[in-house]
Amino acid sequence: MSALVILKVIDISLPLSPDTPVFPGDPPVGIETMSLLSAGDTFRLTRISMSAHAGTHIDTPSHLFVDGGEIENIRLEDLIGPVYVIEFDGPRPLDESACKRMDIPSNFSRILIKNKRPNAWMDETAAEWFSVSGAKLLGWDGLSVDPPESEKLPAHRALLARGVHLVENLDLSQVTPGKYFLA
């Protein structure tokens, strides 16, 4: 007789609505009802307008590099598998020295970072540390790994140039640090 395994599923994506936070300067999420059954229409139709960076999203190399890969170049197996969640509670920004102090198992190539401080960001040294330490996916619970006023986006560039998949705007509020399975 086999044992029954019960898995708890935690949705870490942000719901999309007109209230979804967007990066400063990006268009807000728009949801407009075009036709309604209750109004006598034969079907319900909704129009959605938003940028590709609204809500939880993956930044691809083409976000910053002319010859960078598009979303269709990302292999699903890179996004699915064991993941380790860490919590960052240090001063801004997250830097290489803080990364070295974190107890991240070396066998994890997918890392999600839960920030305990609002508007947290990482500097280029932290981004480089993750990319050379074997990360192939880095998740972040803020709008951006770079500060909002940054025009050069050094953390993005360091990660994306080295093939690290960057997932931003995660909802990690119900997640505690530790090992999980990401799908």
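Student: Which residue forms a salt bridge with Glu 32?
Tutor: This is a predicted model, where local features need pLDDT of at least 70, side-chain atom pairs count only at pLDDT 80 or more, and totals for chains, interfaces and linings use all residues. Residues are numbered from 1 along each chain as its sequence is written, and side-chain values use heavy atoms, leaving out hydrogens and water. A salt bridge is a side-chain nitrogen of Lys or Arg within 4 Å of a carboxyl oxygen of Asp or Glu. With the closest N and O atoms 3.3 Å apart, the partner of Glu 32 is Arg 47.

Student: How many residues apart are Glu 32 and Arg 47?
Tutor: Helices (H or I, at least four residues) and strands (E, at least two) are DSSP runs, numbered from the N terminus. Glu 32 sits in strand β1 (residues 30–35), and Arg 47 sits in strand β2. The pair links distant parts of the chain, with a separation of 15 residues.

Student: What is the relative accessible area of Arg 47?
Tutor: Buried means under 20% relative accessible area, exposed over 50%, and partly exposed in between (1.4 Å probe, protein chains only). Glu 32 is partly exposed at 42%. Arg 47 is partly exposed too, with a value of 43%.

Student: Why are Glu 96 and Lys 100 separated by about one helical turn?
Tutor: Glu 96 forms a salt bridge with Lys 100, and their closest N and O atoms are 3.4 Å apart. At 30% relative accessibility Glu 96 is partly exposed, whereas Lys 100 is exposed at 56%. They are about one turn apart because both lie in helix α2 (residues 96–101), with a spacing of 4 residues.

Student: Which residues are linked in a network of salt bridges?
Tutor: The whole structure holds 5 salt bridges. In one of them, the side chains of Glu 77 and Arg 75 meet at 3.6 Å, N to O. The network links Arg 75, Glu 77, Asp 78 and Lys 136.

Student: Where does Met 50 lie?
Tutor: Met 50 is partly exposed, at 39% relative accessibility. Its place is in the loop between β2 (45–49) and β3 (57–59).

Student: What accessible area does the nonpolar patch with Met 50 have?
Tutor: Patches take residues with over 30% relative accessible area and no salt bridge, joining like charges within 9 Å and nonpolar side chains (Val, Leu, Ile, Met, Phe, Trp, Tyr) within 5 Å. Accessible areas come from the Shrake-Rupley method with a 1.4 Å probe, and for residues only the protein chains shown count as cover. Leu 16, Ile 31, Ile 48 and Met 50 form this surface patch, and together they have about 360 Å².

Student: How much space lies in the largest pocket?
Tutor: On a 1 Å grid over the protein atoms alone, a cavity is a set of points where a 1.4 Å probe fits but cannot get out; a pocket is an open set with protein on both sides within 12 Å along at least five of seven lines, and lining residues have an atom within 4 Å of a point. Grid points are joined across faces, edges and corners, and a volume is the space filled by probe spheres set on the points. For the largest pocket, that gives about 640 Å³.

Student: Which element gives the most to the lining of the largest pocket?
Tutor: The lining has 25 residues, with Ile 10, Ile 12, Phe 181, Leu 182 and Ala 183 nearest the centre. β3, α1 (76–79), β4 (81–88) and β8 (178–182) each supply at least two. With 3 residues, the top contributor is β8.
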